[in-house]
Every structure is written in structure tokens, then in C-alpha cells.
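Here's a quick tour of one protein model for you to follow on screen. Keep the viewer open while you read.

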Amino acid sequence: MDFNNEDLKNKKANQQQNKIENTSKSFNKKLEASERQQQHEEAKAKAASDKMMQDLENLVKEAAKQQKISDFKTKSAQKLISTFKNRLATDQYFNKTVLNAFKARGRTPEKQITGRYSSVNYRAMKEGERSLQSFINSLIHSLRLSKKDVLEWEDELTKDNLYFYNKTIYKGDEFNEVNQQIFDEIIADKEADILNKDDINNKNDVKKLSTSRTNYRKKVLEISDDEAFKKVINLLECKSNKLKENDNEKIALVIKKAREMAYKRIDKLNLSPAKAEQKKRNFENFIDIRDKHIKARTTKRVFETSQTCFIQESVFKIPHKNGDLSKIEAQEYMDVAQSFFKRVCPDHPVIFGAIHLDETADPTMTEEVDQETANITKKLKCRSGDNLHFFVDGKNSKTGQYDLRKAQIDFARKEQHRLKKIYGIDFNFNEDGSYKLNNQQKTIWGQIMQVSFYTEMQKMLFKHDIALKFLNSTEKSNFDYIQSCLQEHLPLSCRQQSRWNMKQGMINKAQNELDNKNERKKELNNDVVSLITDRNNIQADVDNLRNQRLEQALKRLHEWQNHIKNDEETDGGSSNFGKLKAKAAAKAINDLADEQPEVAKKVAQSAINFEDNNNIKDYFKVSNNLNNNKNLKSKPKFKRN
């Protein structure tokens with residue numbers, strides 16, 4: 001038997017174990033290096049993105065300084081450039097005044113928050129941008145009727161919302177029973193005005209008569225190339241006279257003169273009687289159609305034009321970055337909004353209002369235990385993104401006219417003086433009585449409405465030690481702000497700065513992290529499988545080695561016992577062969593003890609029992625050779641008792 005062969009197998013097993021450990025260490029080092037490389041790449045990508053955003057901000061600011069607003073094709077771009085070019089630095093006045101007000105109260109705000117106040121004027125059109133259909137989509141969202149394929153709100157939080165309709169305030173739970181009815185009533189009322197048959201027929205008549213008027217004017221001008229005649233005809237069609245009817249004293253004189261000149265020139269053309277009569281009829285048709293067109297244009301309609309605002313939606317949102325707002329009650333928001341809109345346009349009531357507290361960034365709930373009752377209540381960990389939607393009727397409740405725009409301009413002209421006393425801001429909003437505003441005046445008008453609303457909101461926030469603030473010019477120039485201005489008319493899912501994209505970004509980030517973890521897990525699993533396979537192979541080798549050592553020990557012990565029994569001498573014999581047999585059995589038992597000490601102990605005990613029962617001489621005993629030169633505690637020497 002080659003005893004060295006067993007030592008060689010044991011050595012190979014240890015080498016394989018060391019190889020596995022080294023492979024595991026190498027894998028961990030590669031994984032750490034991969035993570036560092038990924039972090040480096042992410043940092044580079046972020047730096048490049050930041051530079052691109054800064055370049056865009058500089059581009060917009062430079063465009064506002066150098067280009068005409070009319071050079072931009074889209075209204076959203078025009079509005080953005082006009083804002084950059086014409087806005088006043090309201091932050092310098094408002095923010096300072098609010099902080100001084102806290103100081104006068106002997107307090108300091110717990111935190112300052114920003115907000116975003118904006119309005120959308122829905123036009124008297126069935127479809128298109130800011131049309132009836134756009135209003136329907138927004139109303140569905142505000143009423144919480146249904147979601148699109150976007151993360152618009154958290155269903156379990158809608159119970160905290162508050163709604164206003166027809167002088168009644170509804171809480172979230174009870175509102176679900178009436179929201180469809182409210183929607184139907186509002187849409188039916190506005191559809192009746194927008195789709196009014198008389199208005200539609202009148203619009204069609206105006207369009208046809210406008211085309212006919214233009215065509216007959218061209219035919220009349222073909223009567224003669226005489227410049228004097230052309231001047232008379234153009235006098236009828238100039239901007240100041242275009243909508244003056246034929247019975248107007250001045251217009252009647254011009255028509256009389258034009259008729260005389262036309263007839264005289266027709267008679268000089270030497271035309272056939274039929275052709276001459278046709279040209280005279282063209283002139284008379286032009287005069288007749290002109291009068292019909294003017295009457296059709298001045299016919300009283302529900303809406304003056306398709307651009308008339310039938311409902312205005314005002315939205316105030318506190319961005320998620322401002323953190324937890326749970327100390328503010330929904331009713332407090334409601335009181336602020338109702339007070340403001342009643343003061344702005346008392347004859348234009350709020351049709352519907354909503355306080356949404358269900359669009360928080362993190363819907364995680366925490367449990368609170370009442371110390372007295374031991375009742376457990378669930379509370380939102382952080383309520384952020386509070387927003388208000390209020391729909392103001394474009395129709396005057398007293399006159400029935402859709403004149404909200406005029407009413408708000410009138411309000412702004414008065415309000416600017418009140419705000420100047422509070423903040424010292426000189427808006428210089430024109431008071432000439434005209435409702436045609438240039439881009440600069442439109443921007444100033446919007447700022448007056450915004451500061452006025454902020455003033456109303458801040459009154460409520462004082463009790464919570466919260467200070468509302470305007471962004472400064474640098475903050476307003478950042479990419480997020482610019483992008484939100486450009487995309488405010490888009491659906492939620494298309495806006496980059498919307499809650500939907502915020503949540504989508506969170507989901508995508510989490511998914512990417514999960515994908516990376518899964519990929520790493522997959523790589524690790526492959527290595528682990530390989531390690532397990534190696535371990536299993538080693539274990540199999542070890543188990544096999546253990547079985548072989550036990551078999552070897554029993555075999556050597558059996559050979560020793562047989563030699564003792566078969567020896568002629570009763571004391572076990574005295575030959576050298578007997579000594580070798582004892583040493584071989586002892587070595588096999590010692591080798592077995594290295595791996596299976598308990599088993600080896602039992603085998604050794606059987607040898608000792610055999611020695612006791614057979615009166616064996618000391619130099620033939622296995623026990624005298626057990627654990628020779630072995631000092632390990634796990635391998636105790638076996639002695640005869």
C-alpha cells in the first residue's frame with residue numbers, strides 16, 4: 001500500500017481550496033473596479049449634461065437681449081423670450097418685504113419655499129391648442145375622473161383632497177359620488193355656448209361674405225387704372241372705415257362719389273351694353289356685399305371671436321424640492337384661493353376648484369401611536385407637491401358677456417397701486433383704457449396677478465412660519481424653469497418638468513439600479529456556481545478520501561489481528577513481521593484520526609480491547625504506536641485504561 005498517495009490527494013484538495021479563495025478575491029476586486037469605472041462614467045456624463053444645460057441657458061438669455069420676440073414662431077417661445085426681456089425683478093421687493101414682516105413679528109421662517117403660479121385661457125374652439133377639448137382633458141385630471149397612461153396621482157391619497165363646486169365644498173371620499181355629474185354639467189354648459197348654432201351660422205356667413213367682398217373689390221378696381229378712382233375705393237376699405245356701414249354719413253358720400261366715377265369710366269370704355277351693365281352690377285354688388293358683411297361682423301354673438309376665453313384655469317404648485325407641507329391643511333389653501341378670485345373678478349365666479357394633496361413624490365406611510373388611546377394611525381412620511389386648480393368662468397354673471405380678460409386687466413390697473421404701497425414695486429402698467437397690450441405690458445400684467453396671489457398666499461403661510469419667495473433672475477434662468485415655461489401647454493406625459501416625468505425618472509433610475517444589480521448578481525452567480533462545483537468536487541474527493549482511510553485502517557487492523565491469532569506463540573508471536581503489522585495498523589488509525597478523530601477513537605479502542613483479551617506483548621501492540629509524535633489537541637493519544 002502506497003501511503004504517500006493519500007497525502008498527495010490531501011495536498012491537491014488544499015491547493016484547490018486555495019485556488020477557489022483566490023478566485024473569489026479576484027472576482028471581488030474586478031467587481032469593485034467595475035463599480036468605480038461606472039461611477040466615473042456617470043460623473044463624466046453628468047458634467048457633460050450640466051455644460052449643455054448651461055449653454056442652453058446662456059443661449060436663451062442672449063436671445064432675449066438681441067432678438068425681436070416676433071422672430072420666434074411658437075407662442076410659447078415668444079412668451080418665454082418676452083418674459084426674460086420685460087419682467088421686473090419682483091424677487092428683490094417681495095422676498096425682502098416678507099422677511100421683514102417675520103422680523104417685525106419677532107420670528108424667523110422655518111423655511112422658505114418657491115411656488116409656480118400660471119394661468120391658461122381656454123379659447124372658444126372645439127379642438128386645437130387651449131380649446132374645449134384641452135379644457136375637457138384638464139378637467140378630467142382635476143376632477144380625478146380617470147388617469148391616462150401616466151402616474152398622475154396616488155389613489156390611496158385622494159381622500160385628502162378638497163373640491164369646490166356650486167358653492168359647496170366636497171372632501172375626497174364623498175366627491176367620488178358626484179364628480180361625473182359635475183363634469184357633465186360644466187361641459188354641457190360650455191358646449192352650448194361654443195357650439196351655438198347662431199354663432200356657427202354667423203361665422204360661416206362672415207367667412208363667405210368676406211371672400212365675396214374681396215373678390216368684388218378686385219372687379220371694381222379693374223374698371224379703371226385711374227389713381228383717383230383707386231383712392232376712393234381704398235378709402236372705403238381702409239382700417240378706419242372698413243366696419244362703418246353704408247348709411248354712415250361719411251361713408252354714404254364716399255359711395256356716391258365712387259359710383260359717379262365708376263359709371264363715368266364704364267361709359268368711356270365703349271363696351272357692349274351687356275358688358276357695361278355687368279360692370280355696373282359688379283360695383284353695386286360690391287357696395288351691397290360690403291354692407292352685409294359689416295352687419296354680419298357686428299352681429300352680437302356669444303363669443304366675439306374664437307380666441308375669446310370661455311374659461312381660465314389658474315394653477316398654483318409648490319415644487320417637490322420644497323419638502324414636507326403636511327402642516328398646511330387643504331381648507332387653508334381653499335380659503336386663500338376663494339378669497340383671491342372673489343377679489344379679482346367678483347362678477348366672474350369660480351366654476352370649479354380643486355386642492356390636490358395626492359401628488360406627493362414619496363407615498364411611504366408611517367405609523368403613529370396615540371399615547372392615550374393606543375390607537376395606531378397611518379401618516380404620510382412626506383407630503384410634497386401640493387397644487388391648486390381653479391377654473392374661473394369667462395362669462396360675466398351680470399352681463400352674460402365673455403369679458404374676463406378685460407375684467408382682469410381692469411383689476412391689474414388698480415392692483416398695481418396697492419402692491420406698490422406694500423412692496424415699493426413700480427409696475428408702470430398702462431392705464432389708457434385700451435385692452436390691446438404689447439408684449440411688455442402682457443408680461444407686467446402677468447407679474448401683477450402673480451404678486452397679488454402670492455400676497456394672499458403668504459398671509460396664510462405666516463401662521464406656519466413659512467416664507468414664500470420668488471426666484472431671482474439667475475434661478476429663473478436655469479434649464480428646468482425655462483423648460484417648464486416652454487412646455488406648460490403640453491400634456492403631463494410630454495412635459496420634462498412634470499410629476500409624471502419625475503416619477504418616471506425615479507422608476508427608471510430604480511430599474512437601472514436593479515438591472516445593474518441583476519447583472520452583477522448573474523455574474524456573481526456564475527462564479528458562485530463554478531465555486532460550488534469546485535467545492536462539490538473537492539468534497540467528493542474528501543469524502544472518498546475519508547472512506548478510503550477508514551477502509552485502510554480497518555484493513556490494517558484486521559491483518560494485524562489475524563497475524564496475532566494465527567501465530568504459533570500464545571503471546572502473539574515474536575517475528576519482525578508481527579511488529580510491522582502493528583505499526584501499519586497504528587499508522588492507518590493515526591491517518592484516520594486526522595480527518596475523523598471520533599471514528600479513529602472507536603477503531604483504536606477495538607485494537608486496545610483485542611490486546612487486553614489476548615495477552616499481547618508490548619512490541620506487538622498497536623496502542624504503543626498510536627499518535628506517535630502527534631501533539632495536536634484534536635488528536636489525543638489513546639492509552640490503555
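This is a predicted model: local features need pLDDT of at least 70, side-chain atom pairs count only at pLDDT 80 or more; totals for chains, interfaces and linings use all residues.

Residues are numbered from 1 along each chain as its sequence is written, and side-chain values use heavy atoms, with hydrogens and water left out.

**Overall make-up**

The protein chain has 18 helices and 10 strands; these are DSSP runs numbered from the N terminus, with helices being H or I of at least four residues and strands being E of at least two. Of its 641 residues, 40% are buried (under 20% relative accessible area, with exposed meaning over 50% and partly exposed in between, using a 1.4 Å probe on protein chains only). Take the contacts (heavy atoms within 4.5 Å) between residues at least 6 apart in sequence: 73% of them join residues at least 24 apart.

**A helix pair**

Now look at α3 (residues 90–104) and α13 (residues 439–461), whose axes come within 12 Å and cross at roughly 15 degrees. Axes here are lines fitted to C-alpha atoms, for helices over the stretch in contact, with angles from 0 to 180 degrees between N-to-C directions. That angle is why α3 and α13 count as roughly parallel (under 35 degrees; over 145 is roughly antiparallel, 65 to 115 roughly perpendicular and the rest oblique). On the α3 side, T90, F94, V98 and F102 make the contact, and on the α13 side Q447, V451, Y454, T455 and Q458 do. By class, that contact has 5 nonpolar, 4 polar and no charged residues.

**A hairpin**

Strands β7 (residues 365–369) and β8 (residues 376–380) run antiparallel, joined by 5 bridges; strands pair if DSSP finds at least two bridges between them. E368 sits opposite T377 in β8. The two strands form a hairpin with 6 residues between them, and A374 in the turn has a positive phi of about 65 degrees.

Methods:
Ala, Val, Leu, Ile, Met, Phe, Trp, Tyr, Cys and Pro count as nonpolar, Asp, Glu, Lys and Arg as charged, and the others, Gly among them, as polar.
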